[in-house]
Amino acid sequence: MRFFQFLLLLTALSVQVFAQIRLPRLISDNMVLQRDQPITVWGWAAPKEKVTVIFKNKTRSAVAGADGKWSIELPAQPAGTGFEMLVKGKNEVRIRNIAFGDVWLCNGQSNMVINMERVKERFPEDIANANYPDIRNFFIPTLIDLTGPQQDFPNAEWKAASPKDVLGFGAVSYFFARDLYDQYKVPIGIINSSVGGTPIEAWISEGGYQDFAEILKVIDKNKDTSYVKLRKQEDLKNTPQKPRSNDQGLTEHWESEAYQPKDWRNFNIPGYWEDQGLKNLDGVVWFRREFEVPDSWIGKPVKLYMGRIVDADEMFVNGKSIGRVTYQYPPRRYEIPAGLLKPGKNIFVTRVTNTAGKGGFVSDKPYFMTSNDQQVDLKGTWQYKVGQVFAPSKKGDSIHAPFVAQNQPAALYNAMIAPVLPVKLSGFLWYQGESNVSDPKPYRAFLPALINDRRRLWNDQGLPFLVVQLPNFQDIDFMPAESNMALLREAQNQALTLKNTAVTVTLDLGEWNDIHPLNKKDIGKRLALSARNLAYGDKNVVYSGPTLKSQSIAGDKIRLTFDHVAEGIRSRDGEALRWFAIAGDDKKFVWADAQIVGKDQIVLWSERIKTPVYVRYAWQDNPEGINFYNSANLPASPFRTDGDSGQIIRGDK
């Protein structure tokens, strides 16, 4: 009898828990809802439970369906902030500090993820002055689902911009939002759904792949959990074993103050060890140097910057570890705790592990330590010693392509975009493409598919879609060359064939040695120009640099005409325009002389090409130092006239 009563109690408790009204994470304190559009409030309750929403002293109700879902539509609201909403059923949920403004879905890979904390040394004043309670960020943590669209996130929350909380805001999206807020004084909501290292295919819904039969087959296969499990088992079987650690440096404690160095050789930091006497070495290399620091630093914390290191490192000062980074991309920013430095000599040791390619210290990055507005340069001659050598792969070893769930078609859409669907939006920001550079041609179909998919899902074919074009990156080619990155940028430009799209050119904002350039501020500001023109209807705002309109050929010269020149084309530095190349029918390109003629035209020629046919501009991974701009100080987009895309303009003989 007691057991039966216990079961009844458990049943009653479970029903009570199930009956609790639950709201999605997006409907919570500090949220921003899209102004001037009907608003959907939704959630879950017990089947057939009556749910009531009270807002501005008005009541609306709905009854949960058999699956427990309910939704209530509220009338459109003007911009404003500080509102409350009460949701009632068998329990009550109060939502505080609601704002009505403009909501933007920001999406992409690592460059959209990178937050203000990562760029804090570059923009300290922007962080210190980030008192914008009406700019609010909702960052979605990485989530993956191969089975189908999900309805909510396990954890995420709205945060208002303050000097503390802004550090977690995506830098591009924050500067974008701040510019719009400063211009229109309307609350701005940022929903940031981005994952580093992911391809565009992962962000398109299954419904967006109706013209991609092979991809639909992949999506269907991935829904089979037994198939996915088998793939992961194959990965475990084929994944090379991590080298067993027999690092001599760890055994002998090379980081220790008591260690007496023997047979260490000189090494110049920054630099790669393959360029300084260690041929094709994958393994662990230790670096060591003694420094004296100003007396005023003793007893105080000191910031230490070790640039960027390929791949992983651990930093020791006077025998104590002060931090480690496990992969190559983050900047090395460590803090030496107060009391660790001492008068006289201090021993600095860094243990670097590299498993492929060149290992070592990336040049043209900051290497110094600082305190009390004083600096000690860390560049120069260190000593090194090899701690461990990893065995090279055997010839003939097959290369196994691992199953990476987050890179599968629709995997990130299902988990990180689908739950946002009930939210009305002002538009989309898209900063992605690095992960597709190795095979750029399909991007020409994928990006329009993504744009059309998003507009279909939100049932609004006019929603603005703003694309960040990939910035300059990698080594400079001093002769005309082929470039996958240029092909990817060209594919991004294909978006302009769809209405209400814009491509933000960033060819002058990259860093040759870093796939994650730090100047996110100017990228955000340029994106905001596009939003002001397309989303806010300010047609006087110039948001694009020069784009090719047409070309004509007369004798040994080619004349180009451009759109989006504002008051006219100009050379930003007053020198001759760079990075133009021309070719004849053989498509063998040479650098061209360029002359601005009139407001919107350029004439090109070369003594080496008697009958020019084709033109390329900035067709490089890294056309560093571009100077072709319009009067609004916006750079021209790269282009070519010898391509096979429908957007390319061919020369008339």
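## The largest cavity

Nine residues are named here by position: Val503, Thr504, Val505, Arg526, Tyr543, Ser544, Gly545, Leu634 and Pro635 form the lining of the largest cavity. The model is a predicted one. By type, the lining residues of this cavity comprise five nonpolar, three polar and one charged.

The space in the largest cavity comes to about 70 Å³. The structure contains five cavities of 30 Å³ or more.

## Val503 in the lining

Val503, one of the residues that line the largest cavity, belongs to strand β26, which covers residues 501–504. Is Val503 buried or exposed? Val503 counts as buried because its relative accessibility is 9%, and the cut-off for buried is under 20%.

Which residues does Val503 touch beyond its neighbours within four places in sequence? Val503 is in contact with Val467, Gln469, Gln492, Asn493 and Leu496.

## A three-stranded sheet

Elsewhere in the description is an open sheet of three strands, ordered β12-β20-β15 and paired antiparallel. Strands β12 (271–272) and β15 (309–310) are at the edges; each has a single partner strand, so one side of each has no neighbour in the sheet.

Strand β20 spans residues 360–361 and runs antiparallel to β12, to which two bridges join it. Gly271 has Phe361 in β20 as its bridge partner.

Technical notes: Residues numbered from 1 in each chain as written. Predicted model: local features only at pLDDT ≥ 70, side-chain atom pairs only at ≥ 80, totals over all residues. Heavy atoms only, no water. 1 Å grid on protein atoms, 1.4 Å probe; cavity = no way out; pocket = protein on both sides within 12 Å on 5 of 7 lines; lining within 4 Å. Points joined across faces, edges and corners; volume = space filled by probe spheres on them. Nonpolar A, V, L, I, M, F, W, Y, C, P; charged D, E, K, R; others polar. Helix = DSSP H or I, 4+ residues; strand = E, 2+ residues; numbered from the N terminus. Buried < 20%, exposed > 50% of the residue type's maximum accessible area, 1.4 Å probe, protein only. Contact = heavy atoms within 4.5 Å. Pairing = 2+ DSSP bridges.
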